[in-house]
Amino acid sequence: GAGDSTRRQMAETLHFMPDGQKLHPAFFAIQSQIRQEQEKGALELRIANALWVEKNFLLSRTFTDLTGRYYEAALKTVDFAQAREKSRLAINAWVEEKTKNKIQELLKPGVLDSATRLVLTNAIYFKGSWAHRFKADRTKEEQFWTTPGAAVMAPMMNGQDEFGYLEDETLQALDMPYAGDSLSMVVLLPRAVDGLKGLEDMLSAEELTARLNGIRKREVRVCMPKFTMTVQFELAKTLGAMGMPEAFSESADFSGMTGGKDLFISAVAHKAFVE
């Protein structure tokens with residue numbers, strides 16, 4: 001929906017090809033892959049998109065046709081002007097339903113106001129079982145470092161099997177497949193207790209790809225903490241600082257959505273749950 005310099009800034013910041021026409025079929029292909037994995041029955045993997053639009057606000061037919069065709073985005077009418085809280089609760093309920101109640105209250109009170117015209121939501125839900133499952137009777141309390149200066153006792157799952165593995169002087173990398181063997185979790189563990197910052201600083205697409213290409217199957221003894229974690233971020237300032245400030249200003253060009261320059265992004269709410 002973006003145009004001119006707004007479009008260029010977003011493409012460069014998000015590392016998309018300038019030719020956006022290739023982008024939409026690529027995302028559709030990803031959604032098709034996700035559906036195929038879901039149909040195999042080995043795991044649960046769902047993605048859902050929706051456009052929540054103010055009832056008296058018109059979106060371009062070209063835009064809604066595109067988001068419907070390539071992103072399967074449902075178009076939902078709400079009343080931000082007169083029923084903001086009801087609209088917020090409806091959006092949050094949709095996100096909760098699509099993520100099996102794992103992502104709750106995505107939109108906090110005050111995020112919407114009378115000037116809100118459109119909310120775009122994207123929800124992804126994944127649940128998988130390990131291909132090599134841990135045995136419950138081998139879980140025991142062990143020390144786990146939460147920061148370089150603080151350790152806690154945590155329930156640690158223990159197992160030994162064949163996994164993808166790589167080690168060098170800075171880190172250990174473990175590739176843990178899920179049932180079905182089409183998806184896996186990759187864990188990077190710094191060698192030093194205070195090595196997380198250094199690991200984050202050296203990571204790039206190229207560095208990560210090089211590490212993943214070096215992973216080889218071998219017998220590995222794995223000790224993994226059981227944990228539940230929820231994190232939430234407001235990303236408008238972050239994305240602006242990364243190189244796309246125009247999208248968050250009144251000079252934004254989202255004319256592809258409406259035909260006019262009457263929209264800008266006011267908030268980006270991101271929430272993740274891992275168990």
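A polar contact is a pair of N or O atoms within 3.5 Å, of which, within protein, one must be able to donate a hydrogen and the other to accept it. In this predicted model, such a contact of 3.2 Å joins the side chains of Asn-158 and Glu-142.

Asn-158 belongs to strand β5, which covers residues 150–167. Its relative accessible area is 9%, and because buried means under 20%, Asn-158 counts as buried. The side chain of Asn-158 also has a polar atom that lies 3.0 Å from the backbone oxygen of Met-156. Which residues is Asn-158 in contact with, leaving aside its neighbours within four places in sequence? They are Phe-134, Arg-138, Lys-140, Glu-142, Val-222 and Cys-223.

Asp-4 has a phi near 50°, a positive value in a residue other than glycine. Asp-4 lies in helix α1, residues 4–13. Is Asp-4 buried or exposed? With a relative accessible area of 51%, Asp-4 is exposed, because the cut-off for that class is over 50%.

Lys-100, also not a glycine, has a positive phi of about 55°. Lys-100 is found in a loop, between α4 (84–98) and β3 (118–127). The relative accessibility of Lys-100 is 39%, so this residue counts as partly exposed.

Conventions:
Residues numbered from 1 in each chain as written. Predicted model: local features only at pLDDT ≥ 70, side-chain atom pairs only at ≥ 80, totals over all residues. Heavy atoms only, no water. Helix = DSSP H or I, 4+ residues; strand = E, 2+ residues; numbered from the N terminus. Buried < 20%, exposed > 50% of the residue type's maximum accessible area, 1.4 Å probe, protein only. Contact = heavy atoms within 4.5 Å.
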